[in-house]
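Subject: Structure handover and notes

Hello,

The structure is passed on below, followed by my notes on it. Please read them side by side.

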Amino acid sequence: MENQPLQLLIAVVVSLLIAGNSYRKHSLDVSGAFAGFFVMAVHLAVNYRFGAMLLAFFFTSSKLTKLGEEKKRSIDAEFKAGGQRNWIQVFSNSAIATILVIAFWKLKSSQDICLDSSESYIITSIVGGIIGHYSCSNGDTWSSELGVLSEEQPRLITTFKVVRRGTNGGITKAGLQAAAAAGSVIGLAFVLPGFFTKSCTNDAFWKQLLVIALAALAGLTGSLIDSLLGATLQYSGFCSVRNKVVSKPGPTVKRISGLSILDNNGVNVVSILLTSMLTAFVCLYIF
């Protein structure tokens with residue numbers, strides 16, 4: 001980054017504007033805005049394509065979080081107007097990618113690359129991990145935010161029994177389709193800027209387009225992993241007083257599924273980690 005002062009300046013200015021605007025619109029609280037500024041600045045300063053994936057995730061997820069708020073308010077016991085996120089939620093959805101981005105910078109500085117494991121297994125796997133990370137994050141968010149609005153009754157991923165909306169581990173066809181679509185958006189966010197920032201050999205150029213399909217698969221896989229973890233390691237119960245699905249046991253709560261081992265942030269971190277690893281390995285095979 002020290003060799004790219006203009007890129008660093010652009011990264012800082014853009015990140016500051018986005019973080020400030022997100023705080024003003026209640027997408028982030030104060031801690032989330034500071035965390036978001038740091039994460040965005042790192043991504044954009046190292047590589048515009050990394051920044052594009054992060055911003056594609058952030059903007060699309062923020063918009064969908066605000067969709068159908070009244071219905072979500074009636075279902076979600078932890079509903080926040082505008083989907084306001086704090087620093088814990090920001091880092092649970094971006095920390096692993098940020099570490100990978102810094103690792104990329106240490107190895108390649110701000111140099112853009114074409115995915116090609118014959119040139120570097122390490123760089124290809126790092127970039128694959130970042131793609132998998134945001135495909136999973138975006139896939140999980142789209143699946144949750146759109147799935148809960150579907151008229152289709154969700155089914156628990158472990159038993160396929162019908163469960164209440166808002167149950168951790170509940171899946172719908174609409175939600176799974178949304179997850180794949182969300183992943184493809186991340187793939188596009190990586191591929192399209194590459195047309196302007198990097199010249200690849202003819203064979204490598206056409207192979208880059210496979211990232212879109214890979215990201216769609218990563219979005220779907222990440223959503224399924226998240227649902228499986230949610231159904232088994234995250235508690236869901238129905239509170240007869242609040243008439244909602246809640247994530248903590250209590251005297252008025254009847255258990256639906258899961259153990260009180262992970263909260264939502266923990267589930268996100270584990271599913272992102274697993275999806276990032278899987279995508280990195282697949283990238284090595286494809287590219």
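Leaving aside its neighbours within four places in sequence, which residues is Ser227 in contact with? They are Ile157, Gly169 and Ile171, where contact means heavy atoms within 4.5 Å.

Before the rest, the basis of the values. This is a predicted model, in which local features need pLDDT of at least 70, side-chain atom pairs count only at pLDDT 80 or more, and totals for chains, interfaces and linings use all residues. Residues are numbered from 1 along each chain as its sequence is written, and side-chain values use heavy atoms, with hydrogens and water left out.

Helix 10

Ser227 lies in helix 10; helices are DSSP runs (H or I, at least four residues) numbered from the N terminus. Its relative accessibility is 9%, so Ser227 counts as buried (under 20% relative accessible area, with exposed over 50% and partly exposed in between, for a 1.4 Å probe and protein chains only). Ser223 is also placed in helix 10, which covers residues 210-233. Ser223 counts as buried because its relative accessibility is 1%. Not counting residues up to four places away in sequence, Ser223 touches Gly139, Ser143, Leu176 and Ala179. Between Ser223 and Tyr235 there are twelve residues in sequence and 18 Å in space, taken C-alpha to C-alpha.

Helix 7

Helix 7 runs over residues 121-147. Of its 27 residues, 22 are buried, so helix 7 is largely enclosed by the rest of the structure. The expected span of a helix is 1.5 Å times one less than its number of residues.

Two packed helices are described by the angle between their axes and the distance between the axes. Here axes are lines fitted to C-alpha atoms, for helices over the stretch in contact, and angles run from 0 to 180 degrees between N-to-C directions.

Helix 2 (residues 30-46) and helix 3 (residues 48-65) have axes that come within 5 Å and cross at roughly 145°. On the helix 2 side the contact is made by Val39, Met40, His43, Leu44 and Val46, and on the helix 3 side by Tyr48, Phe50, Gly51, Leu54 and Leu55. These residues divide into eight nonpolar, two polar and no charged (Ala, Val, Leu, Ile, Met, Phe, Trp, Tyr, Cys and Pro count as nonpolar, Asp, Glu, Lys and Arg as charged, and the others, Gly among them, as polar).

Helix 1 (residues 5-24) packs with helix 3 at an angle of about 5°, the axes being 13 Å apart. The two are therefore roughly parallel to each other (angles under 35 degrees). Gln7, Ile10, Ile18 and Ser22 of helix 1 make the contact with Tyr48, Leu55, Phe58 and Phe59 of helix 3. This contact divides into six nonpolar residues, two polar and no charged.

Thr98

Thr98 lies in helix 6 (residues 95-108) and, at 5% relative accessibility, counts as buried. Thr98 touches Phe38, Val39, Val42 and His43, not counting residues up to four places away in sequence.

Cysteines

With a disulfide taken as a pair of cysteine sulfur atoms within 2.5 Å, the count comes to zero disulfides. Cys136 is in no disulfide, the nearest cysteine sulfur being that of Cys283, 15 Å away. For Cys283, the closest cysteine sulfur is in Cys114 at 13 Å, too far for a bond. Cys136 counts as buried at 1% relative accessibility, and Cys283 counts as buried at 0%.

Regards

Terms used
Parallel < 35°, antiparallel > 145°, perpendicular 65-115°, else oblique.
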